[in-house]
Amino acid sequence: MAKLSQVWHTFHEPRRLALAQATAAYLTIALVVIGLNWLVANAGWPLTVAPASASRWLLAGLNQVETGEGGDFRWTDGDSQICAEGVGYAPRSLATVWLAGAYARSLGTETVTLVAGQATPVTVPLAPELRRYTILTGADQQTGANVCVAIQSAAVRDPNNPRWLGVPFHGLSVTPLAAAGAVTPAPAGLATGLALAIGWLALLHLSGVPLLFATSLVTLVSSLVVYTLAGGLVPFGAGTLRWALPTVAGVWAGVIGLAGAQWLNARRPWNELAGVIFWSVALLGTVWLLQRISGYSGVWPLMARIDPSPTWWVVVPIGFAILWFAIGWRWLARPLQPVPVVVYTLLGAFILPVAFDIAVHGPDAPIALFRDSPYEYLRDTPYVAGDPLGFMANFEAIAPTLSVHGSTHPPGAILFLWLIEQVFGPGPVATSWITIGLTALLPLVAVWLGWRLGGSRLALAAGMLAVALPGQMVYSVTSLDGVFSLLIAAGAAAFFLALEPPYRPWLAVVAGLSIAAALFMTYAATQLFFFGVAAAVLALARHSPQAGWRSTLLAIVRQGAIAAGVIVTIYALIFRATGFNVISAARTATQINGEMMGRFREYGPPPTPFLPPSYDYYLRFAAANLVSYLVFVTPWALAALSALYMRARSERWQPAWAALLGALGALVLGMWLSGLFNREVERIWMFTYPLVAVLVAYHILTGETAQQRWRLALYLALTLTFFVAMKLTLYTIW
């Protein structure tokens, strides 16, 4: 103690105050998490294991999922075991098993034996109908904080499908009896909660967020999570603890990476190689962990499968790409006008993805999606029947009968394709090429934003990077999401620029029109809320010192009101003309998508369509979404963004590029934590790629001109190589 006291007194007063504040903050969060875990453990809500559970480690000795009159079920093999993890140490718990014995009885199985942990086996007659069987467990009969129930019975071979059939299992529910005594939280659950909460606090702390605000924010979010659990709004989910591991690993990887970056930055310039290595290891490690938990292999959770397509023809588009890059590389050293940059970027965005697609998959590859896919909106255009207003009026009623994508999106995509058919005739050819052409406009958003933020050289470099990013190259010829992304990205860029002095109203109008059009195509446009709020807050912080906070706030509110007014006015007019209600349609689409994706199979639909069905489901897809998106951004681009983040902090987020970085970060973070996406984010979130390209280009264009050009060449070479490897080995047409 004396030595600690001596060390303490060697610190300067500000350092001692900072250490005391940090200790108090982290200790507060630890105590809050312990208290909240105790509340949840004693709330008395059951922990359920459904037959369709994706947490395969909970189920042992069970056959595949089947669907019958009583819902999903699995046949036991005569000696099966189902476990509910993280129940906690309870004096008494009720373990309820749902079994249906009609077919099992016809096979000669009359009884079933249930064993909970070390308890005495209980043998009961097997009823023909779906019935629940409840047994009482004791603390001395549980192994740790988990409750496992063995289902033992006679088993026979199915003559039509050789497998051992015991009894049909329809579900397990374990409920700690708080009335029998206090329930001690499961150590694994407590450790997971502490790791997540303290990790988030450390991330915010290292990011420069004031400790009081960071502590309050983590406490508030933790309390909201506990409120949904204790109130029964969102089930905990039997697999939550393991599905949380990738998120825990990711959060702490961020803490370590940020601390390491600050250490490097304090001693020498940011080492980009170290950043690339860090992001590569972090992404590969998270993918490995996800695969170990889920039981998948290959490239999961990427929305792709391994499908090698080697061909020497790929050298032709590679040659085109090298020539295209060489032209831009030479232009980078000279002043440029907007028209050549726009034409150059547009040609690359159109020709390169098409050339690679044809070289690898054949001459008809660009039209294959609309020709062959059963999921696409093109199959829904007959519903318009020459009456677009009537189609919109009845859209919610007919939505369940539409294609997969048509039923889960607004009516704009179907009407867009119907309009193409009216002008160019039916069929996939015109639809495919117009879609590809419009998607090629997406990198021009990077050119526009880059020009406004840094001039012609930044615009050119941003356009080149936007064309080369794997998501743009892959999905500009395989998805209608490119058209959606064009509108969303244009809306984001226009709104960001509208918040820059002299606060041009026409930019706010353009933002409103773009976002309204995007919302008519995809509900993903709603995620721009996070971008807009962050951009407005950063604009207020940046411009207030020069113009005063009152005038700055009024200007920002005016611009936001113009954009929001345009959106509200458009949808009010649509509602008055057709009765189409975008809010009601979004709820319907969310419900349809949830049922289609099996979102509600395990726990049923939540009280509101926008809540996750359970926390294990939420964490399962949250981890998969973020790692998939970051893989397509590429580790070297992430290293560049990390370096920019360090610069933005040192410059107090004052430059325009720093505000763009902060708004982009808020957008990705908000979309990730919203839980509204079931994978496929590599293409759904492709509207962020132009923003990423502008920022990476800004990072590259530092230092001497010659160094800038070679760094750009290196980034483009790495990105092109990564894309070619994807194109030749993966199937990505969805």
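Strands β6 and β7 (residues 122–125) run antiparallel in this predicted model, joined by 4 bridges. Within this pairing, V112 has V124 of β7 as its bridge partner. The two strands form a hairpin with 5 residues between them, and in it G117 takes a positive phi near 60°.

Strand β6 also pairs with β9 (residues 147–152), again through 4 bridges and in an antiparallel sense. Here L114 stands opposite I151 of β9.

The link connects distant parts of the chain: C83 belongs to strand β4 (residues 71–84) and C148 to β9, and the two cysteines are 65 residues apart. The count of disulfides comes to 1. With 110° about the S-S bond, the link of C83 and C148 is right-handed. Both C83 and C148 are buried.

A separate site is found in the loop between α14 (404–407) and α15 (412–424), where T408 is placed. The relative accessible area of T408 is 13%. Buried means under 20%, so T408 counts as buried. The side chain of T408 makes a polar contact with the side chain of H409, at 3.3 Å.

Note on methods:
Residues are numbered from 1 along each chain as its sequence is written. This is a predicted model: local features need pLDDT of at least 70, side-chain atom pairs count only at pLDDT 80 or more; totals for chains, interfaces and linings use all residues. Side-chain values use heavy atoms; hydrogens and water are left out. Buried means under 20% relative accessible area, exposed over 50%, partly exposed in between (1.4 Å probe, protein chains only). A polar contact is a pair of N or O atoms within 3.5 Å; within protein, one must be able to donate a hydrogen and the other to accept it, and residues adjacent in sequence count only if both atoms are side-chain atoms. Two strands pair if DSSP finds at least two bridges between them. A disulfide is a pair of cysteine sulfur atoms within 2.5 Å.
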